[in-house]
Amino acid sequence: MHYGYLNGTIRPVDELSIGITDLSLLRGYGLFDYFLTYNGRPFQWDWYWERFQNSATGLRLPLPMGKDETYALVMDLVNRAGGADVALRFVLTGGYSADSISIGEPNLLIITEDIHPVPGEQYKVGIRVMLDEYVRDMAEIKSTDYKRVILKAPAIRAAGASDLLYHKDGEISELSRSNFFLVKGNTLITPNRHILRGITRRTVIELAKPDFFVEERPVLLSELQDADEAFTTSSTKRVLPIVQVGEITIGNGQVGPKSRFLLQRFDEFVAKW
């Protein structure tokens, strides 16, 4: 059974609710974060808390608890889940608003969830993504606004793709829920503008530094043509190879050795977490 916390109360997740005058419902004003546990411990807690705090500051939402108090609560929820590794979802809303526009006292929801891993076959054959000319508003904030990918879901399925790769004015930014990397020779290249700075992205960069040159910079759409490999990173995807972007085949269209190497290094890292 999964438990959750809401404004001082811990209950089974299906017993928690937020009122209908909350700005997250009325105006879509809220943020969230999401991470996993490995061996019963929250992965990269310091980094995730930093990002959650930055997102709250960006939306001018005060956090009702500090880092240490929140960590203790997280561990309580993890232990109540029964010992298996779980996903944790934080949601901070705009709060109840009498005039449907003014920010109130935020509601903080923290819940555990089952982990839904990527099918293993995708790591063997790679995935295909669609190009989408779009840049997320306030991309550095992990807001609850995901309407773009939800609306595009039928087109993604019809194309036999797994996700969208956003680009604008010839420059790549990110996938709808994950970050993007190109591999050219022994260099990893990842966009540094108009992106959410993923924690898995940050971890992979650190793990790659002993063996790769890493460039964080604007990445042009035209660079897909001569890339050796491409992959995406996120909490659930880890290091997931991309073999086709729209009509562009990446490299030889097969999962490359550098992506496999980095996935193995990431898996070895989290196994000891």
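Mentor: Helix 6 is largely enclosed by the rest of the structure, because eight of its ten residues are buried. Buried here means under 20% relative accessible area, exposed means over 50%, and partly exposed lies in between, for a 1.4 Å probe and protein chains only. The buried residues are Ile199, Thr200, Arg201, Thr203, Val204, Ile205, Leu207 and Ala208. The model is predicted, with local features requiring pLDDT of at least 70 and side-chain atom pairs pLDDT 80 or more, whereas totals for chains, interfaces and linings use all residues. Residues are numbered from 1 along each chain as its sequence is written, and side-chain values use heavy atoms, with hydrogens and water left out.

Helix 6, residues 199-208, packs against helix 2, residues 45-58, at an angle of about 135°, and their axes lie 10 Å apart. Helices are DSSP runs of H or I with at least four residues, strands are runs of E with at least two, and both are numbered from the N terminus. Axes are lines fitted to C-alpha atoms, for helices over the stretch in contact, and angles run from 0 to 180 degrees between N-to-C directions. Helix 2 and helix 6 are therefore oblique to each other; angles under 35 degrees count as roughly parallel, over 145 as roughly antiparallel, 65 to 115 as roughly perpendicular and the rest as oblique. Their crossing is right-handed, a term for a near helix turned clockwise from the far one by less than a right angle, with anticlockwise giving left-handed.

On the helix 2 side, Trp47, Tyr48, Glu50 and Arg51 meet Ile199, Thr200, Arg202, Thr203 and Glu206 of helix 6. The residues of this contact divide into three nonpolar, two polar and four charged. A contact means heavy atoms within 4.5 Å. In this classification Ala, Val, Leu, Ile, Met, Phe, Trp, Tyr, Cys and Pro are nonpolar, Asp, Glu, Lys and Arg are charged, and the others, Gly among them, are polar.

Helix 6 also packs against helix 7, residues 257-271, at about 105° and with the axes 10 Å apart. These two helices are therefore roughly perpendicular to each other. Thr200, Thr203, Val204, Leu207 and Ala208 of helix 6 make the contact with Leu262, Arg265, Phe266 and Phe269 of helix 7. By class, the contact has six nonpolar, two polar and one charged residues. Thr200 and Thr203 of helix 6 meet helix 2 and also take part in the contact with helix 7; both threonines are buried. As background, an α-helix has 3.6 residues a turn, so residues three or four places apart point the same way.

Helix 2 and helix 3, residues 67-80, pack at about 120° with their axes 11 Å apart. That angle makes helix 2 oblique to helix 3, and the crossing of the pair is right-handed. Trp45, Asp46 and Trp49 of helix 2 and Lys67, Thr70, Tyr71 and Val74 of helix 3 form the contact. Its residues comprise four nonpolar, one polar and two charged.

The setting of these helices is the whole chain, which has seven helices and 16 strands. The radius of gyration is 19 Å, close to the 19 Å that the globule rule gives for 273 residues, so the chain is as compact as a globular protein of that length. That radius is taken over C-alpha atoms, and the rule is 2.2 Å times the number of residues to the power 0.38. Along the principal axes, the C-alpha atoms fill a box of roughly 55 × 40 × 30 Å. Of the 273 residues, 50% count as buried. Among contacts with a separation of 6 or more, 70% are between residues 24 or more positions apart.

Two individual residues illustrate such separations in sequence. Gln122 is in helix 4, residues 120-125, and counts as partly exposed at 22% relative accessibility. Its C-alpha atom is 9.2 Å from that of Ile242, 120 residues away along the chain. Leaving aside residues up to four places away in sequence, Gln122 touches Ile127, Ser162, Leu240 and Pro241. Thr144 lies in the loop between strand 7 (127-133) and helix 5 (147-158), and at 34% relative accessibility it is partly exposed. Thr144 and Ser24 are 120 residues apart in sequence and 8.2 Å apart in space, C-alpha to C-alpha. With the same exclusion of residues up to four places away, Thr144 touches Gly28, Gly30, Leu31 and Phe32.
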